[in-house]
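This briefing goes through one model by topic, with contacts, backbone geometry and packing taken in turn. Please read the points below alongside the sequence and coordinates.

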Amino acid sequence: MSIDPGVLKRLLHLNILIEGNSNWVFRELVDYILEILEERLTLMINEAIEPYGLEASLLNKNGCQVFPAEKQCENIVVVGVYEKEADEPLVYAGYLISRGENILEVKLVKVVDAETGNIL
């Protein structure tokens, strides 16, 4: 890997916590934030890792396929990080998205080596 795993993990770090009351206005705000996140997550990651010759893409993998031991693995969004022009990812990053009536939490839960499955 062309980048120190600790540096990569810091570049992939994301933690969003929003809490509020449980009225329709707040739920609408949470919907809007999730839409923006869906659109922009890989763009945000790519902006951070591009100077290191890496790129990211949102994968259609179920979080339980890549992170089976994680609680709420069905709510984990999987992002693959690749060296530019590569076909196979170097690592998988898992972002847990937990949503309740009055809370939204998005956080990086784990980064694993795609080949070995070892945690970075």
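Ser-98, leaving out residues up to four places away in sequence, touches Gln-72, Ile-103, Leu-104 and Glu-105, and with Gln-72 the link includes a polar contact of 3.3 Å between the two side chains. The model is a predicted one, and the points that follow should be read with that in mind.

**Ser-98 and Gln-72**
- Ser-98 is placed in strand 4, and because its relative accessibility is 17%, below the 20% limit, Ser-98 counts as buried.
- Gln-72, its partner in the polar contact, sits in the loop between helix 3 (63-66) and strand 3, where a relative accessible area of 38% makes Gln-72 partly exposed.
- The backbone of Gln-72 has a positive phi of about 60°, although the residue is not a glycine.

**The disulfide**
- The structure contains one disulfide, which is formed by Cys-64 and Cys-73 with their sulfur atoms 1.9 Å apart.
- The torsion about the S-S bond of Cys-64 and Cys-73 is about 85°, and the disulfide is therefore right-handed.
- The two cysteines fall into separate accessibility classes, since Cys-64 at 27% counts as partly exposed, whereas Cys-73 at 9% counts as buried.

**Helix 2**
- Helix 2 has 26 residues and spans 37 Å from its first C-alpha to its last, which is close to the 38 Å expected at 1.5 Å a residue.
- At the start of helix 2, a side-chain oxygen of Asn-23 comes to within 3.0 Å of the backbone nitrogen of Val-25.
- The buried residues of helix 2 are Phe-26, Val-30, Leu-34, Leu-37, Leu-41, Ile-45 and Ile-49.
- An α-helix has 3.6 residues a turn, so residues three or four places apart point the same way.
- The buried residues of helix 2 pack against helix 1 and also against strand 1 (15-19), strand 2, strand 3, strand 4 and strand 5.

**The nonpolar cores**
- The largest nonpolar core holds 23 residues, of which Leu-8, Leu-12, Ile-45, Ile-49, Val-81 and Tyr-95 touch the most other members.
- At least two residues of this core come from each of helix 1 (5-12), helix 2 (24-49), strand 2 (54-58), strand 3 (76-83), strand 4 (91-99) and strand 5 (103-113), and helix 2 supplies the largest share, with seven residues.
- Leu-12, when its neighbours within four places in sequence are set aside, is in contact with Ile-45, Ile-49, Val-81, Ala-93, Tyr-95, Leu-108 and Val-111.

Terms used. Residues numbered from 1 in each chain as written. Predicted model: local features only at pLDDT ≥ 70, side-chain atom pairs only at ≥ 80, totals over all residues. Heavy atoms only, no water. Disulfide = S-S within 2.5 Å. Buried < 20%, exposed > 50% of the residue type's maximum accessible area, 1.4 Å probe, protein only. Core = buried A, V, L, I, M, F, W, Y, C linked by side-chain atoms within 4.5 Å. Helix = DSSP H or I, 4+ residues; strand = E, 2+ residues; numbered from the N terminus. Contact = heavy atoms within 4.5 Å. Expected span 1.5 Å × (residues − 1). Polar contact = N/O pair within 3.5 Å; in protein donor to acceptor, adjacent residues only side chain to side chain.
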